[in-house]
Structures are given as C-alpha cells and as structure tokens.
Amino acid sequence: MFAGTLTRHAETAAAQYSGTIHSTQFDIAIQLETRPKMSERSPDFDVTAVNKSGRKVRIGTAWNETGNSSGNPYISMQIDVGLGPFRANAVQTQDARAAQSGEFEIIPLVSNGVMKSGSISGELTAMDADNAFAGYIANMMFDLEFMLIENEFKTEETHPDYRIEVSSPRGKAIRVGSAWMARSSRTGNDYLSLLINTPDGDLRVNAVQNEEQRGGKTFSIIPFIDSGEQPRDVSAGLSLVA
C-alpha cells in the first residue's frame, strides 16, 4: 500500500525527476537520475534516495514507457526500500497532459497473490457529490476504511471505473485497489467488483444490494464467488494503463 508524486525537471537538471513515495511505514523523497543504457531494455534512470545517515543510495531503476492502447508516455519503476521490491508506474492525468505539466502520480502496479475472501463484512455508500463512494471492509485480522474515487485515467472499457484509496496516519491518500461497475447477467442488477490489496494478498469482493437496499445508496460487501460474470480482466492486480 503506497502512493506518491513525481515532477519532471529541465533536461539540464542533475535529476530529471524528483518526488516522494508514501506508505503507512515511510515517507521517502526520491530522484530519478539518467544512467547510461547498455541495451534497448536497460533502465533509463537510477532511482535514488538519502538514507538516515545522509548518504545517497540507489533504491531502484526506472524506464521510459508508452501505453500500448493510449499511446501516452509514462515511467515504469522498480523500487526496494528494504521491505522487498515493488513495482509502480508514474502516470499523468488528462488535465496534466493537456496543460503539458511535469506532474505525475505514482501508482502501484503489481499485487502479492490472491487472498481467499473467507468471512468478510463490509458496506459501501454512494456519496452525494463527485461520483464517489465511502465504505469499510473487515474481518478478524483487519478493519479497513476506504473511498472509491472516479478513475480519471480511464480510456479503455477494461480500465477500472474507480480507484480505491485509504489514508495513511499522516493523512496521505494511498491507492490500495481498483473497482469496476458491473451488471449481473442473471438478475440484471448493478453491482461493483472490487480488488483490494492487503498485506496478505489481493482480496476480491463484490458490493451488491439486497432487496431492502435496492434503489438506495448502500451496498453490502460480500465475498467474491466466481460465477463467470466478472466484468473486467482483474488478473493485472492493481495495474493501471497510462
């Protein structure tokens, strides 16, 4: 679970990009510094940070990439801050691209396996504004409050309709998953399909309305049952195409 931002600097700057990554365990300032390429697939950048002793250390590598379907440029990163490697993409919103801004959002890319739903309780409520939802999901091991925020990066039908966000202790928004609007081919009722990243793996659940809830703003979160109706390809975990 992490989030971050990245800013592009002038070509002549020592570091072409600088930014921060946040999680519930750390807040780290990073830089992307150009490195010599040994081959076409060699990294374009070293990702560096300053440790507690004040020493600059390399914590990962990054590549310039282009979205296969959108054609939009983005940056693919692999980073290890001592908790094991993780991958992320730095992408731009449509507004940032239109304004030719150097601002990017860092989002998680891969997951750590699929977690069995087991006994899950939860609820999702549509907000009055901004096409957002607020909710919680809980079992005996965790209790997570989250928001569903409309996905401004969506350019393809298969892309998530919402990103799932939680707040860190310092109030930083951290993306922990994706959600898709769907309709049951069996009942014709609308529901939401959620994929949430937890420390134990990816958790797949559905948010549905029972007879009493139908037509209202509240959905009940239930364990995912594979009925062949999954609306999107969720095998990509938390990935989001730029």
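Hi everyone, thanks for coming. Please keep in mind that what you see is a predicted model. The mean pLDDT of the protein chain is 81, with 83% of its residues at 70 or more. There is one stretch to treat with care: residues 233-242 have a pLDDT below 50, although in the model this stretch has 30 contacts beyond near neighbours in sequence. Where pLDDT is low, the predicted coordinates should not be read in detail.

Let's go inside. Nonpolar side chains tend to be buried together in soluble globular proteins. Here, the largest nonpolar core has 23 residues. Which residues have the most contacts inside it? They are Ile137, Phe146, Leu148, Leu192 and Leu194. Several strands each supply at least two residues of this core, including β11 (133-138), β12 (143-150) and β17 (218-223). On that list too are β13 (162-167), β14 (173-183), β15 (190-198) and β16 (201-208).

Leaving out residues up to four places away in sequence, Leu148 touches Leu124, Ala132, Phe133, Tyr162, Arg163, Ile164, Ala179, Leu192 and Leu194. There is also a second, separate core of 21 residues, and among them are Phe2, Val47, Ile75 and Ile79.

Look at its partners next. On one side of the story is β13, which pairs with β14 in the antiparallel sense over six bridges. Within that pairing, Val166 has Ile174 of β14 as its bridge partner. The two strands form a hairpin with five residues between them, and Gly171 in the turn has a positive phi of about 85 degrees.

The other partner is β15. β14 and β15 also pair in the antiparallel sense, over seven bridges, and Arg183 stands opposite Asp190 in β15. This hairpin has six residues between the strands, and here Gly188 takes a positive phi near 80 degrees.

Is Ser178 buried or exposed? Its relative accessible area is 0%, so Ser178 is buried. What does its side chain meet? The side chains of Ser178 and Arg175 are joined by a polar contact of 2.7 Å.

That's the tour, and I'm happy to take questions.

Terms used
Residues numbered from 1 in each chain as written. Heavy atoms only, no water. pLDDT = per-residue confidence, 0-100. Contact = heavy atoms within 4.5 Å. Core = buried A, V, L, I, M, F, W, Y, C linked by side-chain atoms within 4.5 Å. Buried < 20%, exposed > 50% of the residue type's maximum accessible area, 1.4 Å probe, protein only. Helix = DSSP H or I, 4+ residues; strand = E, 2+ residues; numbered from the N terminus. Pairing = 2+ DSSP bridges. Polar contact = N/O pair within 3.5 Å; in protein donor to acceptor, adjacent residues only side chain to side chain.
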